[in-house]
Structures are given as C-alpha cells and as structure tokens.
Amino acid sequence: MDVRHGTLLNTIGVPVRHDDFRFVAADVELAGSSFSSDFYLRDLARNRLPAILLRAIEGGYDAAWVRARIPHTFQVSPPPARIEKSLLDSGFVAVTIDASLAFPFVCTDYYGKSALMFSGEGPDRVTKQAIADAFWGILLRKPDDLTDFEQRVFHPGACVWLTFGCEAGRVYCEESEE
C-alpha cells in the first residue's frame, strides 16, 4: 500500500467501508507544513442532514455530534484535541478499495465547526472531495447512534470555556467563564 501525502503511524479501531474507500482511525502525520481545514460538514446538502445535526450546525457546535458519532462508527474514542479552540483532532486514513493507495487526513474543527484537514501537498481536490463525501456519509448512516461524552475547551481570545458534550442523544455546547 502506497501512503501518499503523509505518514501512517498506527491504525486504531475497526475499518469501515463507504463508496470507494475503507476508512480507519489512525495516528497520522500529514506531509509538509501547510495545512488548512476544509470540507466542512456544514457544507453538505441540507437535505442529507438529520434534524439533530441541523440544530448543531446552526448553533456552530456540530463537532460535538461528530465527536459523539466516531466511537460508534470506528470503535475508538477520539483523543482530546491538541489544537487551541478545537474539540476534534482525530487522524484517519482513507484506503482505496483495492488497497493500493492510502490518504491520511485529520478530522478537526474550528470553534466547533467540523472539517477535514489534508496535507497541502495533496491529494488533488477531486480526491479530497470524494474522501470527504464518503467520510461524512459514514457518520450520517446512523445519525442518532451517539456516545455520551463531555469535554471542555478553552477559548483564549474570549477568555471562556466551551463545554461540548452529548447526553442521552442530545449534543450541546455551553459557554462559561469558569
């Protein structure tokens, strides 16, 4: 298998197939030094999004829904983000069905808005879009199968704590000064 535009350090959890890819949670390093979040979950067609997710997108905290879906889907609990102002920082690899190519990426968020991050070196835009469509499609298969969690993230610019969570199928984000 040829891993492109990054390094696959370790796989975690179970692989899941959707469209032309098999996805697995992984410890990855993206190639290069230029990265940007793109392929936001909120940019999917509105008719594909369930009510629970629409509320989270409108509220700007859909990362809580993604964080609650990953354990059910990949049998792994996402680690706390190492990135300021983010809830998610979870590595994945998208492997082509013939297992000839693998593309590392990171599921992340910016202020609660979930996105995917690829290496600035590639893959090409069409491949990134296909990976994003398939990845989000996996999570949308069973949108109400959520894992309870609670995690706090400090927002230094506003000097507030954001508490993201899921409890009994309700995702939320609450702001507090302490």
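Predicted model: local features only at pLDDT ≥ 70, side-chain atom pairs only at ≥ 80, totals over all residues.
User: Which strands each supply at least two residues of the lining of the largest pocket?
Analyst: Residues are numbered from 1 along each chain as its sequence is written, and side-chain values use heavy atoms, without hydrogens and water. A pocket is an open set of points on a 1 Å grid over the protein atoms alone, where a 1.4 Å probe fits, with protein on both sides within 12 Å along at least five of seven lines; lining residues have an atom within 4 Å of a point. Among DSSP runs numbered from the N terminus (helices H or I, at least four residues; strands E, at least two), those supplying at least two lining residues each are β2 (6-18), β3 (21-30) and β5 (89-96).

User: Which strand gives the most to the lining of the largest pocket?
Analyst: The lining has 22 residues, with Ala26, Arg82, Asp89, Ser90 and Gly91 nearest the pocket's centre. Six residues of the lining come from the greatest contributor, β3.

User: Which element has the lowest mean pLDDT?
Analyst: The mean pLDDT of the protein is 92, and 100% of its residues reach 70 or more. By element, β5 has the highest mean (97), and the lowest, 84, belongs to strand β4 (residues 35-38).

User: How are α2 and α3 oriented to each other?
Analyst: Helix α2 (residues 62-74) and helix α3 (residues 125-140) pack with axes 9 Å apart, at an angle of about 85 degrees. Axes are lines fitted to C-alpha atoms over the stretch in contact, with angles from 0 to 180 degrees between N-to-C directions. Angles under 35 degrees count as roughly parallel, over 145 as roughly antiparallel, 65 to 115 as roughly perpendicular and the rest as oblique. The two helices, α2 and α3, are therefore roughly perpendicular.

User: Where is Pro123?
Analyst: Gly122 and Pro123 are joined by a cis peptide bond, with omega about 10 degrees. Pro123 lies in the loop between β7 (113-119) and α3.

User: What is the phi of Gln75?
Analyst: Gln75 sits in the loop between α2 and β5. Most residues other than glycine have a negative phi. Although not a glycine, Gln75 has a positive phi of about 60 degrees.

How values were computed. pLDDT = per-residue confidence, 0-100.
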